[in-house]
Amino acid sequence: MNIERKKLILIAAGVTVFVVVGAALIYFVPFRDAAIEKAVDTRPTPRNAYEVAFPVAQVWRADAQLAFLQSLDAVGETGRGNAWRFIFTSPHPSMNNQGYVIEVQNQAVTTTHGMQYRGFGAEFPAFLLAQDIAIARVHQIKGYEREQITGIEAVYGPKEKTWYWGVRTPKGVVSVEAR
């Protein structure tokens with residue numbers, strides 16, 4: 001075997017080893033980006049908090065329906081927060097103008113009480129427009145592109161039979177249909 005051919009074989013073997021080791025590193029070593037990990041918001045969504053509040057509302061009235069929800073702390077761009085207020089109603093005629101308030105903080109019920117409430121409730125649909133998408137839609141509105149999000153709420157519109165997100169900003173509340 002001549003020297004030139006030996007050099008070519010060594011170069012080819014070296015490149016092959018480099019490619020195989022590189023591919024193994026890419027495949028087996030997890031990619032971690034600290035900036036991305038820091039940005040993940042692990043606070044509860046309105047849905048997570050609702051799942052804590054709803055069984056308590058059913059103790060109040062078996063036919064309890066959600067009429068309103070509101071963040072009680074800053075939610076930022078994700079629409080997640082640690083504190084939530086829910087108002088439930090009952091369609092039963094004896095419960096006309098009555099509501100039941102449940103506050104959830106850090107995924108635990110902290111407050112419950114009855115109140116006068118003239119709204120209507122409905123099932124809180126599992127496939128409701130996500131709150132972060134409602135916030136993104138508000139940021140698409142001219143003049144709201146960089147508005148700080150100070151809170152979020154949802155209310156049921158009985159006439160339209162749909163839910164609406166109310167996205168709170170320093171300029172006011174912007175309503176977004178939640179279908």
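Modeller: Starting with the largest pocket: its lining comes to 15 residues, and S90, P91, N96, G119 and F120 are the ones nearest its centre. Keep in mind that this is a predicted model.

Biologist: Noted. How much space lies in the largest pocket?

Modeller: About 190 Å³.

Biologist: And what does the lining of the largest pocket have by class?

Modeller: Nine polar residues, five nonpolar and one charged.

Biologist: OK, zooming out. How many helices and strands are in the protein chain?

Modeller: Four helices and seven strands. Going along the sequence, the pattern reads α-α-α-β-β-β-β-α-β-β-β.

Biologist: What share of the residues in the chain is buried?

Modeller: Buried residues are 35% of the 179 in the protein chain.

Biologist: And what about contacts between residues 24 or more positions apart?

Modeller: Counting contacts in the chain with a separation of 6 or more, 54% are between residues 24 or more positions apart.

Biologist: Switching to aromatics. How many aromatic pairs does a search of the whole structure find?

Modeller: Nine. Ring pairs also join Y50, F54, F86, F88, F124, Y156 and W163 into a cluster.

Biologist: Which ring does the charged end of K171 sit over?

Modeller: That would be the ring of Y144, with the charged end of K171 4.9 Å from the ring centre.

Biologist: Now the loops. Where is T45 found?

Modeller: T45 is in the loop between α2 (34-39) and α3 (46-60).

Biologist: Is T45 buried or exposed?

Modeller: Buried, because its relative accessibility is 11% and the cut-off for buried is under 20%.

Biologist: What does T45 touch, not counting residues up to four places away in sequence?

Modeller: R80, W84 and Q131.

Biologist: And A74, which loop does that lie in?

Modeller: The one between β1 (65-71) and β2 (83-89).

Biologist: Does A74 count as buried or exposed, and why?

Modeller: A74 counts as exposed, because its relative accessibility is 51% and exposed means over 50%.

Biologist: What is A74 in contact with, leaving aside neighbours within four places in sequence?

Modeller: R43, R80 and T150.

Biologist: Nice. How many residues apart in sequence are A74 and I152?

Modeller: They are 78 residues apart in sequence, with 8.6 Å in space from C-alpha to C-alpha.

Definitions and conventions
Residues numbered from 1 in each chain as written. Predicted model: local features only at pLDDT ≥ 70, side-chain atom pairs only at ≥ 80, totals over all residues. Heavy atoms only, no water. 1 Å grid on protein atoms, 1.4 Å probe; cavity = no way out; pocket = protein on both sides within 12 Å on 5 of 7 lines; lining within 4 Å. Points joined across faces, edges and corners; volume = space filled by probe spheres on them. Nonpolar A, V, L, I, M, F, W, Y, C, P; charged D, E, K, R; others polar. Phe/Tyr/Trp six-rings, centres within 6.5 Å; stacked < 30°, edge-to-face > 60°. Lys NZ or Arg CZ within 6 Å of the ring centre and 35° of its normal. Helix = DSSP H or I, 4+ residues; strand = E, 2+ residues; numbered from the N terminus. Buried < 20%, exposed > 50% of the residue type's maximum accessible area, 1.4 Å probe, protein only. Contact = heavy atoms within 4.5 Å.
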